[in-house]
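Hi,

Here is the structure I said I would pass on to you. Have a look at it first, and then read my notes below.

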Amino acid sequence: MKKLSKIYNALIFIFLYAPILVLIVFSFNDSKSRVVWQGFTTRWYGELFQDKVIMESLLTTLEVAVLSALFATIIGTLAAVGIYSMNRKLRKTMLAVNNIPMVNPEIVTGVSLMLVFVFVFRATGMLQMGFGTLLLSHITFNIPYVVLQVMPKLRQMDRHMYEAALDLGCSPRRAFFRVVLPEILPGVVTGALMAFTLSLDDFVISLFTSGSTAQTLSVTIYAMTKKRVSPKINALSTLLFGAVLLLLIIVNLRQMRDMKKQKKHG
């Protein structure tokens, strides 16, 4: 049974990662063919960085990822603190509401946000489809993930520390930044990294909310695949895969380090 289990697991990993491996290998192929290998080259990476459309999309993607991660982290952290201060019944209800966007199909979220933006634009003449709507949509779907990362750190914190800081003369604001924030900082950082990764990786919601003036890399790649697929797409996908993989490794290493610290203190 152990051998069968190992074979089964190996087949699953091959099925999942073989296409990615082929994509990476053919990003170095000295030909536009996606089937025949004709030698090693890095020229597609050079041409990739000379493509103006791709570079503009890359800049938009990074701007949205950084800004959405920043705002989602601030809002999500404050929301987590607010939820934690509620009574047990209301806290459970709010956490259940927080989890709905994460299990909701992305296409439903994308269409819903698009309809909201269109309604606001028609009613007020503001919020036209573009960078602003794209950023707002990314902040929206990132907030629940930040809340989910910060809440465990709040549960681990001794709530009497905040009260003691108030008794010693700290203002609520100063007590939060001096006492609460250092305690929950690992969760805040992990939430920020996860928000950045999710924003970088998103396609469906971006497709519905970006408009024609601000498109992310995923949307640009989708538009390019409607024509003949250039090896530049392979090179770009390889770089994106490497960036997301690196961020996920960092997040997992931080979580493992936090678990080891908890075991030591426990």
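Predicted model: local features only at pLDDT ≥ 70, side-chain atom pairs only at ≥ 80, totals over all residues.

**Salt bridges**

Let's begin with the charged pairs. Side chains of opposite charge can pair when their charged atoms come close. In this structure there are three salt bridges. Two of them involve R43: one is with D30, where the closest N and O atoms are 3.2 Å apart. That pair ties together distant parts of the chain, since R43 belongs to helix α2 (residues 43–48) and D30 to the loop between α1 (2–26) and α2, 13 residues apart. R43 also meets E47 in a salt bridge, at 3.6 Å from N to O. This one stays inside helix α2, with R43 and E47 four residues apart, or about one turn of the helix.

How accessible are these side chains? R43 counts as partly exposed, at 36% relative accessibility. D30 is partly exposed too, at 33%, and E47 is partly exposed at 31%.

The remaining bridge runs between D51 and K232, with the closest N and O atoms 2.9 Å apart. Here the chain separation is 181 residues: D51 sits in the loop between α2 and α3, and K232 in helix α11. Are D51 and K232 buried or exposed? Both are buried. As for shared partners, D30, R43 and E47 are joined by their salt bridges into one network.

**Nonpolar cores**

The largest nonpolar core has 27 residues, and the members that touch the most others are V150, M151 and L154. Four helices each supply at least two residues of this core: α3 (52–84), α6 (131–156), α8 (172–201) and α11 (231–265).

**A buried histidine**

You will find H138 in helix α6, and it is buried, with a relative accessible area of 0%. Which residues does H138 touch, not counting those up to four places away in sequence? They are V64, S68, S199, D202 and S206. With S68, the C-alpha atoms are separated by 5.8 Å, although H138 and S68 are 70 residues apart along the chain.

**Pocket and cavity**

The largest pocket holds about 350 Å³ of space. Its lining is made up of 13 residues, and D201, S237, L240, F241 and V244 are those that lie nearest its centre. Two or more lining residues come from each of α8, α10 (217–224) and α11. Helix α11 gives the most, with six residues. By class, the pocket lining has nine nonpolar, three polar and one charged residues.

The volume of the largest cavity is about 40 Å³. F26, K32, S33, R34, V229, S230, P231 and N234 line it, and they divide into three nonpolar, three polar and two charged residues.

Cheers

Note on methods:
Residues numbered from 1 in each chain as written. Heavy atoms only, no water. 1 Å grid on protein atoms, 1.4 Å probe; cavity = no way out; pocket = protein on both sides within 12 Å on 5 of 7 lines; lining within 4 Å. Points joined across faces, edges and corners; volume = space filled by probe spheres on them. Nonpolar A, V, L, I, M, F, W, Y, C, P; charged D, E, K, R; others polar. Core = buried A, V, L, I, M, F, W, Y, C linked by side-chain atoms within 4.5 Å. Buried < 20%, exposed > 50% of the residue type's maximum accessible area, 1.4 Å probe, protein only. Contact = heavy atoms within 4.5 Å. Salt bridge = Lys/Arg side-chain N within 4 Å of Asp/Glu carboxyl O.
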